[in-house]
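Below are some notes for a colleague who is opening this model for the first time.

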Amino acid sequence: MEPTGGLSAQNQAVLSLLKDEFNFQNGFIMDMNGRPWIMWHTTDLYAWWHSFEEQCQTPLGRKLMNACADQEEFFLHRQGTLNKGWWRRKKTQQEAIDARWSKYGWGSLSIEKETATSLLFAPMVGGLALAAHEAISQHRKKLQWNQVNSKMIRFELSESSTVLPPAPEPPNLPWCSATTTGLIVPPVFEEMTAGECELYLDGESVCMFPVDAFTRLFHTCRAYQITVSMEQQEAWLTPQLTDGDRSVFLMVIASMSALVQQSERPIYLDGAESWTQQLHHYLGPFGWGLPVSAEAMDSPDGMRFTLQSSASLPFLVGWIVAMWERGHGKMSKFTLHREGESWTLDIESRLAYN
(Lines give C-alpha, C1' and ligand atoms only; values in the text may rest on other atoms or scores of the structure.)
Protein backbone atom coordinates (compact mmCIF):
# COMPACT_ATOMS: atom_id res chain seq x y z
CA MET A 1 0.00 0.00 0.00
CA GLU A 2 1.27 3.47 -0.87
CA PRO A 3 2.43 5.39 2.20
CA THR A 4 0.51 8.48 3.25
CA GLY A 5 1.44 11.54 5.23
CA GLY A 6 5.03 12.69 5.65
CA LEU A 7 8.10 10.79 4.59
CA SER A 8 8.72 7.77 6.80
CA ALA A 9 12.21 6.75 7.83
CA GLN A 10 12.00 3.80 5.44
CA ASN A 11 10.85 6.05 2.62
CA GLN A 12 13.74 8.43 3.22
CA ALA A 13 16.24 5.57 3.39
CA VAL A 14 15.11 4.04 0.09
CA LEU A 15 15.09 7.35 -1.74
CA SER A 16 18.50 8.19 -0.30
CA LEU A 17 19.91 4.94 -1.71
CA LEU A 18 18.43 5.73 -5.13
CA LYS A 19 19.86 9.23 -5.09
CA ASP A 20 23.31 7.85 -4.22
CA GLU A 21 23.21 5.33 -7.04
CA PHE A 22 21.70 7.20 -9.99
CA ASN A 23 22.36 10.41 -11.87
CA PHE A 24 20.59 12.25 -14.65
CA GLN A 25 21.51 13.90 -17.94
CA ASN A 26 19.68 14.61 -21.22
CA GLY A 27 16.68 12.56 -20.17
CA PHE A 28 18.75 9.51 -19.22
CA ILE A 29 18.82 7.95 -15.75
CA MET A 30 22.20 6.26 -15.32
CA ASP A 31 23.81 4.17 -12.64
CA MET A 32 27.35 4.83 -11.42
CA ASN A 33 28.75 2.76 -14.32
CA GLY A 34 27.03 4.97 -16.88
CA ARG A 35 24.48 2.28 -17.80
CA PRO A 36 20.90 3.47 -18.49
CA TRP A 37 17.85 2.52 -16.42
CA ILE A 38 14.18 3.32 -17.01
CA MET A 39 11.53 4.16 -14.45
CA TRP A 40 8.56 2.14 -15.69
CA HIS A 41 4.98 2.58 -14.60
CA THR A 42 4.07 -1.07 -14.02
CA THR A 43 0.87 -0.68 -16.06
CA ASP A 44 2.97 0.61 -18.98
CA LEU A 45 5.32 -2.33 -18.63
CA TYR A 46 2.45 -4.79 -19.01
CA ALA A 47 0.96 -2.90 -21.96
CA TRP A 48 4.26 -2.71 -23.80
CA TRP A 49 5.23 -6.31 -23.12
CA HIS A 50 1.96 -7.86 -24.31
CA SER A 51 2.15 -5.79 -27.50
CA PHE A 52 5.81 -6.68 -28.11
CA GLU A 53 5.11 -10.40 -27.62
CA GLU A 54 2.18 -10.11 -30.02
CA GLN A 55 4.42 -8.38 -32.56
CA CYS A 56 6.89 -11.27 -32.37
CA GLN A 57 4.03 -13.75 -32.79
CA THR A 58 5.63 -16.24 -30.42
CA PRO A 59 5.65 -16.79 -26.65
CA LEU A 60 8.62 -14.92 -25.19
CA GLY A 61 8.16 -15.33 -21.44
CA ARG A 62 11.09 -17.71 -21.07
CA LYS A 63 13.36 -15.46 -23.14
CA LEU A 64 12.40 -12.46 -21.01
CA MET A 65 13.11 -14.44 -17.86
CA ASN A 66 16.54 -15.50 -19.14
CA ALA A 67 17.42 -11.93 -20.19
CA CYS A 68 16.50 -10.59 -16.74
CA ALA A 69 18.35 -13.45 -15.04
CA ASP A 70 21.52 -12.81 -17.04
CA GLN A 71 21.46 -9.09 -16.34
CA GLU A 72 20.79 -9.54 -12.63
CA GLU A 73 23.51 -12.21 -12.40
CA PHE A 74 25.90 -9.79 -14.11
CA PHE A 75 25.04 -7.09 -11.56
CA LEU A 76 25.22 -9.38 -8.52
CA HIS A 77 28.61 -10.74 -9.59
CA ARG A 78 30.00 -7.33 -10.49
CA GLN A 79 28.84 -5.66 -7.28
CA GLY A 80 29.50 -8.59 -4.95
CA THR A 81 26.03 -8.05 -3.48
CA LEU A 82 25.70 -11.53 -2.00
CA ASN A 83 29.35 -12.21 -1.17
CA LYS A 84 28.78 -12.23 2.56
CA GLY A 85 30.87 -13.75 5.35
CA TRP A 86 30.00 -17.09 6.95
CA TRP A 87 28.53 -15.62 10.16
CA ARG A 88 24.72 -15.64 9.80
CA ARG A 89 25.27 -15.90 6.06
CA LYS A 90 21.69 -16.78 5.06
CA LYS A 91 20.26 -13.92 7.10
CA THR A 92 22.65 -11.32 5.71
CA GLN A 93 22.09 -12.53 2.15
CA GLN A 94 18.31 -12.30 2.55
CA GLU A 95 18.72 -8.80 4.00
CA ALA A 96 20.83 -7.80 0.99
CA ILE A 97 18.13 -9.09 -1.37
CA ASP A 98 15.41 -7.31 0.62
CA ALA A 99 17.29 -4.02 0.35
CA ARG A 100 17.96 -4.44 -3.36
CA TRP A 101 14.41 -5.39 -4.31
CA SER A 102 12.74 -2.67 -2.23
CA LYS A 103 15.13 -0.03 -3.56
CA TYR A 104 14.14 -0.68 -7.16
CA GLY A 105 10.44 -1.26 -6.45
CA TRP A 106 10.58 -4.95 -7.40
CA GLY A 107 8.67 -6.22 -4.37
CA SER A 108 10.07 -8.90 -2.06
CA LEU A 109 11.71 -12.29 -2.53
CA SER A 110 11.89 -15.06 0.07
CA ILE A 111 14.81 -17.36 -0.67
CA GLU A 112 13.68 -19.89 1.94
CA LYS A 113 10.01 -20.05 0.90
CA GLU A 114 10.81 -19.75 -2.83
CA THR A 115 8.13 -17.11 -3.31
CA ALA A 116 7.99 -13.47 -4.40
CA THR A 117 5.46 -10.71 -3.88
CA SER A 118 5.65 -8.24 -6.72
CA LEU A 119 3.66 -6.07 -9.14
CA LEU A 120 6.16 -6.78 -11.92
CA PHE A 121 5.50 -9.18 -14.77
CA ALA A 122 6.06 -12.77 -13.57
CA PRO A 123 8.83 -13.73 -16.07
CA MET A 124 10.84 -10.67 -15.01
CA VAL A 125 10.42 -11.57 -11.34
CA GLY A 126 11.37 -15.15 -12.17
CA GLY A 127 14.59 -14.02 -13.82
CA LEU A 128 15.55 -11.84 -10.86
CA ALA A 129 14.75 -14.68 -8.45
CA LEU A 130 16.71 -17.23 -10.49
CA ALA A 131 19.80 -15.03 -10.46
CA ALA A 132 19.56 -14.61 -6.68
CA HIS A 133 19.11 -18.34 -6.03
CA GLU A 134 22.02 -19.25 -8.30
CA ALA A 135 24.28 -16.63 -6.74
CA ILE A 136 23.55 -17.95 -3.26
CA SER A 137 23.84 -21.66 -4.10
CA GLN A 138 26.70 -21.19 -6.59
CA HIS A 139 24.93 -23.74 -8.83
CA ARG A 140 22.83 -23.47 -11.95
CA LYS A 141 19.10 -23.98 -11.40
CA LYS A 142 16.01 -24.67 -13.44
CA LEU A 143 13.05 -22.48 -12.54
CA GLN A 144 9.32 -22.72 -13.15
CA TRP A 145 6.90 -20.11 -11.84
CA ASN A 146 3.25 -20.10 -10.86
CA GLN A 147 1.28 -16.87 -10.54
CA VAL A 148 -0.72 -17.59 -7.36
CA ASN A 149 -2.59 -14.26 -7.39
CA SER A 150 -2.14 -10.72 -8.69
CA LYS A 151 0.97 -10.19 -6.55
CA MET A 152 2.29 -13.57 -5.32
CA ILE A 153 4.49 -15.81 -7.45
CA ARG A 154 5.63 -19.26 -6.35
CA PHE A 155 8.76 -20.84 -7.79
CA GLU A 156 9.80 -24.42 -8.35
CA LEU A 157 13.58 -24.71 -8.46
CA SER A 158 15.56 -27.81 -9.33
CA GLU A 159 19.23 -28.56 -9.88
CA SER A 160 20.56 -28.19 -13.41
CA SER A 161 23.49 -30.10 -14.85
CA THR A 162 24.23 -27.17 -17.14
CA VAL A 163 27.64 -25.63 -16.62
CA LEU A 164 27.73 -22.08 -17.88
CA PRO A 165 30.24 -19.27 -17.44
CA PRO A 166 29.11 -16.12 -15.61
CA ALA A 167 26.79 -13.85 -17.57
CA PRO A 168 28.81 -11.73 -20.01
CA GLU A 169 28.61 -8.00 -20.60
CA PRO A 170 25.37 -6.90 -22.30
CA PRO A 171 25.51 -7.28 -26.10
CA ASN A 172 26.47 -4.25 -28.13
CA LEU A 173 23.67 -3.63 -30.62
CA PRO A 174 24.20 -0.98 -33.34
CA TRP A 175 22.37 1.73 -31.41
CA CYS A 176 24.06 1.04 -28.07
CA SER A 177 26.66 3.45 -26.78
CA ALA A 178 28.20 4.29 -23.43
CA THR A 179 26.41 7.25 -21.88
CA THR A 180 28.30 9.87 -19.94
CA THR A 181 27.28 10.13 -16.32
CA GLY A 182 25.29 13.13 -15.21
CA LEU A 183 25.94 15.63 -12.47
CA ILE A 184 22.51 15.82 -10.85
CA VAL A 185 20.12 13.46 -9.09
CA PRO A 186 17.11 12.48 -11.25
CA PRO A 187 14.55 15.17 -10.36
CA VAL A 188 11.71 12.65 -10.44
CA PHE A 189 13.14 11.00 -7.31
CA GLU A 190 12.00 14.04 -5.33
CA GLU A 191 8.39 13.24 -6.26
CA MET A 192 8.47 9.54 -5.37
CA THR A 193 7.33 7.70 -2.29
CA ALA A 194 8.33 4.25 -1.09
CA GLY A 195 5.97 1.65 0.33
CA GLU A 196 7.05 -1.47 2.16
CA CYS A 197 8.53 -3.03 -0.99
CA GLU A 198 7.26 -0.83 -3.80
CA LEU A 199 7.85 2.61 -5.30
CA TYR A 200 5.10 5.06 -6.19
CA LEU A 201 4.81 8.19 -8.28
CA ASP A 202 1.62 10.23 -8.11
CA GLY A 203 -0.12 7.25 -6.54
CA GLU A 204 0.88 4.83 -9.32
CA SER A 205 3.24 1.89 -8.93
CA VAL A 206 6.63 2.35 -10.63
CA CYS A 207 9.86 0.39 -10.73
CA MET A 208 13.45 0.94 -11.80
CA PHE A 209 14.79 -1.53 -14.35
CA PRO A 210 18.04 -1.69 -16.35
CA VAL A 211 17.77 -1.12 -20.09
CA ASP A 212 20.49 -3.73 -20.57
CA ALA A 213 18.01 -6.48 -19.64
CA PHE A 214 15.92 -5.50 -22.66
CA THR A 215 19.04 -5.24 -24.84
CA ARG A 216 19.77 -8.88 -23.99
CA LEU A 217 16.20 -9.77 -24.95
CA PHE A 218 16.35 -7.85 -28.22
CA HIS A 219 19.63 -9.55 -29.11
CA THR A 220 17.94 -12.96 -28.92
CA CYS A 221 14.89 -11.72 -30.88
CA ARG A 222 16.88 -10.64 -33.93
CA ALA A 223 16.43 -14.13 -35.38
CA TYR A 224 12.65 -13.67 -35.61
CA GLN A 225 11.22 -12.75 -38.97
CA ILE A 226 9.91 -9.21 -39.14
CA THR A 227 6.19 -9.18 -38.42
CA VAL A 228 5.14 -5.53 -38.74
CA SER A 229 2.84 -4.87 -41.67
CA MET A 230 4.24 -4.48 -45.17
CA GLU A 231 2.86 -0.94 -45.20
CA GLN A 232 4.87 -0.12 -42.08
CA GLN A 233 7.99 -1.80 -43.47
CA GLU A 234 7.76 0.36 -46.60
CA ALA A 235 7.15 3.56 -44.62
CA TRP A 236 9.59 3.03 -41.73
CA LEU A 237 13.07 3.17 -43.22
CA THR A 238 16.24 2.16 -41.37
CA PRO A 239 18.79 1.88 -44.20
CA GLN A 240 21.82 1.25 -41.98
CA LEU A 241 20.42 -1.61 -39.90
CA THR A 242 20.85 -5.25 -40.89
CA ASP A 243 17.72 -7.35 -41.39
CA GLY A 244 17.85 -8.89 -37.89
CA ASP A 245 18.50 -5.59 -36.12
CA ARG A 246 15.86 -3.84 -38.22
CA SER A 247 13.30 -6.56 -37.43
CA VAL A 248 13.51 -6.23 -33.66
CA PHE A 249 13.89 -2.43 -33.83
CA LEU A 250 10.64 -2.04 -35.78
CA MET A 251 8.83 -4.49 -33.51
CA VAL A 252 9.79 -2.33 -30.51
CA ILE A 253 8.53 0.78 -32.30
CA ALA A 254 5.24 -0.87 -33.27
CA SER A 255 4.71 -2.18 -29.72
CA MET A 256 5.24 1.28 -28.19
CA SER A 257 2.17 2.42 -30.10
CA ALA A 258 0.00 0.18 -27.91
CA LEU A 259 1.50 1.71 -24.78
CA VAL A 260 0.61 5.23 -25.92
CA GLN A 261 -2.76 4.37 -27.49
CA GLN A 262 -3.98 2.47 -24.42
CA SER A 263 -2.97 5.24 -22.05
CA GLU A 264 -4.96 8.36 -21.25
CA ARG A 265 -2.06 10.70 -21.91
CA PRO A 266 -3.27 13.82 -23.70
CA ILE A 267 -0.81 14.62 -26.49
CA TYR A 268 -1.14 17.96 -28.29
CA LEU A 269 1.42 18.80 -30.95
CA ASP A 270 1.79 22.06 -32.82
CA GLY A 271 5.35 22.71 -33.94
CA ALA A 272 8.78 22.23 -32.36
CA GLU A 273 8.00 24.11 -29.14
CA SER A 274 5.06 21.87 -28.28
CA TRP A 275 7.20 18.81 -29.04
CA THR A 276 9.82 19.99 -26.56
CA GLN A 277 7.18 20.46 -23.88
CA GLN A 278 5.59 17.04 -24.46
CA LEU A 279 8.89 15.18 -24.59
CA HIS A 280 10.12 16.77 -21.38
CA HIS A 281 6.85 15.87 -19.69
CA TYR A 282 6.34 12.27 -20.84
CA LEU A 283 9.86 10.99 -21.53
CA GLY A 284 12.60 13.04 -19.93
CA PRO A 285 11.88 12.43 -16.24
CA PHE A 286 11.76 8.64 -16.58
CA GLY A 287 14.99 7.81 -18.38
CA TRP A 288 13.73 7.20 -21.91
CA GLY A 289 16.09 9.88 -23.18
CA LEU A 290 15.49 13.18 -24.96
CA PRO A 291 16.34 14.33 -28.48
CA VAL A 292 19.42 16.49 -28.78
CA SER A 293 17.34 18.74 -31.05
CA ALA A 294 13.86 18.90 -32.58
CA GLU A 295 13.00 21.10 -35.54
CA ALA A 296 10.14 21.41 -38.02
CA MET A 297 10.59 20.22 -41.61
CA ASP A 298 9.12 21.79 -44.73
CA SER A 299 6.41 19.14 -45.07
CA PRO A 300 3.15 19.54 -43.08
CA ASP A 301 3.65 18.28 -39.51
CA GLY A 302 7.09 16.97 -40.49
CA MET A 303 9.70 16.91 -37.72
CA ARG A 304 13.42 16.19 -37.61
CA PHE A 305 14.98 14.88 -34.40
CA THR A 306 18.64 14.40 -33.59
CA LEU A 307 19.03 11.48 -31.20
CA GLN A 308 21.95 10.26 -29.14
CA SER A 309 23.13 6.66 -29.50
CA SER A 310 21.97 4.69 -26.46
CA ALA A 311 20.66 1.28 -25.44
CA SER A 312 17.20 2.86 -25.05
CA LEU A 313 17.09 4.23 -28.63
CA PRO A 314 14.40 1.75 -29.85
CA PHE A 315 12.14 2.83 -26.99
CA LEU A 316 12.82 6.53 -27.63
CA VAL A 317 12.08 6.27 -31.36
CA GLY A 318 8.99 4.22 -30.52
CA TRP A 319 7.77 6.93 -28.15
CA ILE A 320 8.33 9.69 -30.73
CA VAL A 321 6.57 7.78 -33.52
CA ALA A 322 3.64 6.84 -31.28
CA MET A 323 3.31 10.42 -30.01
CA TRP A 324 3.45 11.80 -33.55
CA GLU A 325 0.67 9.46 -34.68
CA ARG A 326 -1.44 10.11 -31.57
CA GLY A 327 -0.94 13.87 -31.73
CA HIS A 328 -1.70 14.23 -35.45
CA GLY A 329 -4.19 11.37 -35.89
CA LYS A 330 -2.26 10.11 -38.92
CA MET A 331 -0.08 7.17 -39.82
CA SER A 332 3.61 8.00 -39.97
CA LYS A 333 6.51 7.46 -42.25
CA PHE A 334 10.07 8.00 -41.09
CA THR A 335 13.70 7.58 -41.98
CA LEU A 336 16.28 6.85 -39.30
CA HIS A 337 19.84 7.53 -40.38
CA ARG A 338 23.04 7.26 -38.38
CA GLU A 339 25.58 10.07 -38.44
CA GLY A 340 28.60 9.26 -36.30
CA GLU A 341 27.48 8.85 -32.68
CA SER A 342 24.04 10.33 -33.31
CA TRP A 343 20.95 9.47 -35.34
CA THR A 344 18.65 11.65 -37.42
CA LEU A 345 14.94 10.78 -37.36
CA ASP A 346 12.79 12.44 -40.03
CA ILE A 347 9.10 11.78 -39.48
CA GLU A 348 6.09 12.98 -41.44
CA SER A 349 2.70 11.83 -42.71
CA ARG A 350 2.40 8.57 -44.58
CA LEU A 351 -0.31 10.17 -46.75
CA ALA A 352 2.35 12.25 -48.50
CA TYR A 353 4.32 9.03 -49.00
CA ASN A 354 1.41 7.33 -50.70
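**Notes on the helix pairs and the pocket**

1. V14, L17, L18 and E21 of α1 touch S102, K103 and Y104 of α4 (contact means heavy atoms within 4.5 Å). This is a predicted model, in which local features need pLDDT of at least 70, side-chain atom pairs count only at pLDDT 80 or more, and totals for chains, interfaces and linings use all residues. Residues are numbered from 1 along each chain as its sequence is written, and side-chain values use heavy atoms, without hydrogens and water.

2. The axes of α1 (residues 9-21) and α4 cross at roughly 80° and come within 9 Å. That makes α1 roughly perpendicular to α4 (65 to 115 degrees). The contact of α1 with α4 has four nonpolar, one polar and two charged residues.

3. Helix α4 (residues 89-104) also packs with α5 (residues 122-137), at an angle of about 155° and with axes 12 Å apart. That makes α4 roughly antiparallel to α5 (over 145 degrees). From α4, the contact is made by Q93, I97 and W101; from α5, by V125, L128, A129, A132 and I136. By class, these residues are seven nonpolar, one polar and no charged.

4. The largest pocket holds about 480 Å³ of space. Its lining has 22 residues, with H41, E204, R265, Y282 and F286 nearest the centre (lining residues have an atom within 4 Å of a point on a 1 Å grid where a 1.4 Å probe fits, and a pocket is an open set of such points with protein on both sides within 12 Å along at least five of seven lines).

5. At least two lining residues come from each of β3 (36-41), α2 (42-56), α8 (243-262) and α9 (272-282). The lining of the largest pocket divides into 12 nonpolar, five polar and five charged residues.

Notes:
Axes are lines fitted to C-alpha atoms, for helices over the stretch in contact, and angles run from 0 to 180 degrees between N-to-C directions. Helices (H or I, at least four residues) and strands (E, at least two) are DSSP runs, numbered from the N terminus. Angles under 35 degrees count as roughly parallel, over 145 as roughly antiparallel, 65 to 115 as roughly perpendicular and the rest as oblique. Ala, Val, Leu, Ile, Met, Phe, Trp, Tyr, Cys and Pro count as nonpolar, Asp, Glu, Lys and Arg as charged, and the others, Gly among them, as polar. Grid points are joined across faces, edges and corners, and a volume is the space filled by probe spheres set on the points.
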